[in-house]
Amino acid sequence: MTADDGGRLSSLAKYVPGFLTASDDRPRWLDDLRLILLATAVVYLTFILLGLIGGLSINGITRELQAVTLLSASIALVVLALNLHWGYTGLFNIGIAGFMAVGAYTTAMVTASPDARIPGLGLSLWIGIPAGMIAAALVGFIVALPALRLRADYFAIVTLAAAEVIRRLYNSSSLDQFELFGIALGTGSGRGIRDFPNIRNTVSRHILYADPGGPSDPYPWGQLLFTIGEEFDLIAFVIERIVYTLFIIVLVILVFVLLTRTANSPFGRILKAIREDELATKSLGKNTNRVKIKAFMLGCAIMGLAGIVWQGSRGNVTPDLFMPIITFYIFIALIIGGSGSNAGGVVGAVLFAGLLFDGPPMVERAVNNLVDLPRTNTMNDALIGLANLDPEVFFGYVMVQMSSLRFMLFGIVLILLMIYRPDGVLGHRNEPAAAIDLRKQQAPDHEETNEVDETDE
Amino acid sequence: MKQMSDQLDLTVDGEGSTADGRNALLEIRNLRKRFGGIDAVDGIGFDIEPATITGLIGPNGAGKSTTFNLITGVYRPDGGTVRFAGEDVTGFRPNQLAKRGLVRTFQITRELNEMTVLENMLLAFKGQLGEQLYRSVLPVLRREVVEQEHELLASVWEILELFELDHLAHEEAGTLSGGQRKLLELSRALLTNPEMLLLDEPMAGVNPSLEQHLLERIHELHGEGYTFLLVEHDMNVIMEHCERVIVMHQGQILADGSPAEIQQNEAVIEAYLGGEV
Amino acid sequence: MVRDGLNDITSRISVEAIRHQVEALRYRASRWSLGEWFGVALVLLVVILAIDLVRRLVVGDIGPSTVGTFLWRGSVDGLLIALAAVGLSMTYSILRFANFSQGDLVTTGAFTGWAAAYVVAGIGVADFGTRFFLNPDRGTSARELDMHIFGAPLAIFTGLIVAAVMTILVALAIDKLVYKRMRNAGGIPLLIASVGVALALRYIIVFFYGERTRGVTRSSPVIEHELLFWTDAVDAHQLVVVVIGVLMVFSLHIVLQYTKLGKAMRAMADNKDLALVTGIPTERVVLVTWVLGAGLTGMGGYLIVLEQETLNFNTGWFLLLLIFAAVILGGIGSIYGAIVGALIIGMAINISLVWIPSDLTEVAAFMLMILILIFRPSGIFGGVETA
Ligand SMILES: Nc1ncnc2c1ncn2[C@@H]1O[C@H](COP(=O)(O)OP(=O)(O)O)[C@@H](O)[C@H]1O
Ligand SMILES: [Mg+2]
């Protein structure tokens, strides 16, 4: 048996003993968990170290860890959906931002108060969130139905253009406010929609307090968290954020299980076969179009969900939250982890959010706390400094530019990955395409005694 | 104007086809396909009776693979009709035909590279419960799916052993040799439980002992009532194993008859056998 | 009598012929592919819009000068897009991938060209750094340098040349560093790599020039002349764009038709395998592709700024989809198609203002592109892939 199924050792894992090393004997999910925890540990240690150097308090470091975890989990949610599209099925969808926008905007429009400047339906989030997901899936259907037979690169352009069409429609002043079947609605054009529930606060308060309106009467588990928090001097606000982060992590786990089951099934087998060779799959009697549309819609619904609980969770949605660059974050994350594997995708999301996205600002803070660099505002001044043999001036400029320099880093990482590690940092990984663990199956007469094992969840 | 003439041909249908063939399984009439300036298939017609083995031969570029592609819906014909089991299936998509029991293999194998041999084989079964997304993901329903997978796997092992592929079961299909891929494709096609198989050069690259094995298997299946249409370059295979041979040349049918008749046909010898020797 | 008989015959013949024609047409229509139906629908739509335009003109909804302005702006935008679209089309057909960094090559041309223009125009007015970094401290301005076509013609011309040269050099460097290592990697890995290139290039520019939008030229002088029959006055900068654009397109035509390398390029665009077999120096053709494509792209970026007066690191990236739309409209792989496609897109985003609000014109262009990709991926001319 080759190492392919078991997961090749990541270069990081090589130096870690015991539980953290890969093994063929372990169930697959444990192996996946190991990789994800490993990546998280790397990011956490880096952040704690940088936070300490940067002079952050416990509250500060916890907030940074919470923030990076929330970002990782949010990205992971979308990465998993993209992996369903691209990794399993080979549908090269670069319109992710558009489907996220549909989810977030639909939820906002359904839940916004009818009396607000931009009126909505005023329904509860229980209806608003599913409505957002369904809307994203339906838009996915509209885009996918005609586009599924296209070549991968044409499909890419169509989805990117569709996402831009969606964003610009939400941005357009002609849809600022309108009436649909006599109901006043609106997208708020460039200013977006404001008067709908702040999902981040609503969710965490519903979990923590018996009476979410006035944060005074916590549930027992809420009380427990606050007591623990007090030990570490954590303020209630940080605890609320941590709870929301846990909520997103639970969503990631649910989606992970859902999509892993999807992959490890006859349905997933068709998806994988479509990715490999659609004509061959058709010739075996599979209605590939229907399967592709189902998979595409499911992925779009998850992208819509991510749009709601990530970009749309702060109580306002604007078109700028759904620029095409979001799509590329997701792609970079998936390519880091290796497309085709769910665990890889989550690892990629953690590494992207931790090391590439939130990491550089932490470095900037740490450096600024260590050395007192001058704030150099232009490259001109920086180069003049360099010419005067004063590198501090130049590095001051680099620090000022750190948040945009990381985008350069994204690009360079993407290029290097495509040239040297197109299968991702974990190497070639693949979801097995059956509802039972095929690795353990032997031809019946080789060993009559080999009982069918219990690996199939 | 070109299309007009197609239409005219349609009205004088049936000239190139064989006997009435009321009980034919596959009926081809006046099938045509042009690529650029070439008439790859130029108005051919024939009937295939159930439970027969028919050979389709002809020099390279004669249009054999294109004929297969037209019958199985890979290409849309420019004209003509295809009937299978009494139903007009012209222009149907490959999956619709495979569902009806008309399954083909490809000259250049199309195994699913990054899937293991087992996964390749499991894919083939028709109407698997787990092909419904909801059954595959919902907790209780999934149990039946898992059960069925075990059942399917049993048949897979059976056929893998038959084709001597069992030792490769866990390998990714992309790592197999050319001959092994041919076997994989054929065995995969068999698992779809077809009524009729169109095999495009199934023996190319298969080692002689396996080839013998394969032919035996084909005969066995033939005995069970399967119908075969077979493109093959090895004349011995064709002459020994086919009841009937159709010869194509430059997109048209040059001859159609028993192996013995074909061997004596002047035109065939000139266009094909003569050219090769 | 004889004449009558003849008439009768001819009329009968023609009726027969017409009936035949109709039959033929009906027969053909019955087997039209989706793409052909789409083509017909598109033509119908354009005809209806044209009729409506004429109606509005007659009724007086819009004045002829408005339409004249739309057409003029359409050609300006169209030529600007064309310069970038040619490059995209070339890489698409010869290197076989959708280059998502094309927009940032446009930006590269804009920044390098205008830096050169400032360096030249500002001699003696400001120090080199201030000029090279395009007035980072707001110490010297376009006004001070009199940065318009009559104020600093030499500087602006120098900038154009530098824009082309620098964009070529950048494109060649990228090819050597990235794409050359992936020649046989297939369209999608190359596409993804080009996204990486786009990000890296864009933020290298930000590293040098920052994220702020700057005005780099003075507003264009106006030319009035009776030769400009369609309008009272024309922006000189727009005229410069049109003249240079037409000149470049024409030069490209000469290169493609009459030089050996141009012919080799066309051959390779048609069929790479064939070109390999027949011994056309592939890497040399690749080189020429980048030189021609990136040169025109860089000039395009430079001229876009001349026309719109402002410059930002996103200038090219925001144009990318319009550039793709042009290439797809004209049929991917066809260089002439890309030019025509660009002109159509330029016209469309201006003339469509008659019917739709300005913040939706590009949406209309993108929708058109999507529909064409879906129904007629070979472009509106539906032709063969020829350069
Ligand atoms: N997809 C295609 N595009 C253009 N020409 C094709 C295509 N497929 C087949 N042809 C041409 O059609 C003719 C018949 O080919 P084919 O059916 O493959 O022959 P055979 O299988 O008998 O060797 C050949 O001339 C071949 O070049
Ligand atoms: Mg063939």
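I began with the shell around ligand 1, which by class has five nonpolar, five polar and one charged residues; here Ala, Val, Leu, Ile, Met, Phe, Trp, Tyr, Cys and Pro count as nonpolar, Asp, Glu, Lys and Arg as charged, and the others, Gly among them, as polar.

I noted that this is a predicted model, in which local features need pLDDT of at least 70 and side-chain atom pairs count only at pLDDT 80 or more, while totals for chains, interfaces and linings use all residues. Residues are numbered from 1 along each chain as its sequence is written, chains are lettered from A and ligands numbered from 1 in the order in which they are written, and side-chain values use heavy atoms, with hydrogens and water left out.

I then looked up which residues surround ligand 1, and found among them B:F35, B:P59, B:K64 and B:Y75, each with a heavy atom within 4 Å of the ligand. Helix 2 (residues 64-71) of chain B gives the largest share of this shell, three residues, helices being DSSP runs of H or I with at least four residues, numbered from the N terminus.

I next checked the polar contacts, meaning pairs of N or O atoms within 3.5 Å. An oxygen atom of ligand 1 lies 2.5 Å from a polar side-chain atom of B:T66, and one lies 2.8 Å from an N or O atom in the side chain of B:S65.

Conventions
A polar contact is a pair of N or O atoms within 3.5 Å; within protein, one must be able to donate a hydrogen and the other to accept it, and residues adjacent in sequence count only if both atoms are side-chain atoms. Helices (H or I, at least four residues) and strands (E, at least two) are DSSP runs, numbered from the N terminus.
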